[in-house]
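Me: I've got a protein model open and I'd like to go through it with you. Can you take my questions one by one?

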Amino acid sequence: MRAIVGDRLLVHGRIVGQQDRTAEVIEVLGENGSPPYRVRFEDGHETVMSPGPDTVVRHFTSGEE
């Protein structure tokens, strides 16, 4: 998994009824775009995470926002 600042991580819910969550990568702590990442979720919560197989990177492009 590779990400840069500004990319979005889509974290799929792991259990029935759990909503997917989106987080913005605000800092890359690994080498060459690899985890861990400091992220900010939609509710403003910030954390450091190493995404698992239930996470997809949505790369930022200037046309998205």
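Me: Which ring does the charged end of R21 sit over?

Reply: The ring of F41, with the charged end 3.9 Å from its centre. A charge sits over a ring if NZ of Lys or CZ of Arg is within 6 Å of the ring centre and within 35 degrees of the ring normal.

Me: Before I go on, where do these values come from?

Reply: This is a predicted model: local features need pLDDT of at least 70, side-chain atom pairs need pLDDT 80 or more, and totals for chains, interfaces and linings use all residues. Residues count from 1 along each chain as its sequence is written, and side-chain values use heavy atoms, leaving out hydrogens and water.

Me: What does R21 form a salt bridge with?

Reply: With D43. The closest N and O atoms are 4.0 Å apart. A salt bridge is a side-chain nitrogen of Lys or Arg within 4 Å of a carboxyl oxygen of Asp or Glu.

Me: Where do R21 and D43 sit in the chain?

Reply: R21 is in strand 2, and D43 is in the loop between strand 3 and strand 4. They are 22 residues apart. Strands here are DSSP runs of E with at least two residues, numbered from the N terminus.

Me: Is D43 buried or exposed?

Reply: Exposed, with a relative accessible area of 61%. R21 is partly exposed, at 36%. Buried means under 20% relative accessible area, exposed over 50%, and partly exposed in between (1.4 Å probe, protein chains only).

Me: How many salt bridges turn up in the whole structure?

Reply: A search finds 3. One of them joins the side chains of R38 and E27, at 3.1 Å from N to O. R38 lies in strand 3 and E27 in strand 2, so this pair ties together parts 11 residues apart in sequence. R38 is partly exposed at 31%, and E27 is partly exposed at 33%.

Me: And what does R40 form a salt bridge with?

Reply: With E46, the closest N and O atoms being 3.0 Å apart. E46 is also the bridge partner of R40 in strand 4. R40 has a relative accessible area of 35%, and E46 has 39%.

Me: New topic, strand 3. Which of its side chains are buried?

Reply: Y37, V39 and F41.

Me: What stands opposite R38?

Reply: E27 stands opposite R38. In strand 4, the bridge partner of R38 is V48.

Me: How many bridges does strand 3 have to strand 2?

Reply: There are 5, in the antiparallel sense. Strand 3 and strand 4 pair over 4 bridges, also antiparallel. Two strands pair if DSSP finds at least two bridges between them.

Me: How many residues lie between strand 3 and strand 4?

Reply: The two form a hairpin with 4 residues between them. G44 in that turn has a positive phi of about 95°.

Me: What is the order of the strands in the sheet?

Reply: The order is 4-3-2-1-5, in an open sheet of 5 strands with antiparallel pairing. Strand 4 and strand 5 stand at the edges, each with a single partner strand, so one side of each is left without a neighbour in the sheet.
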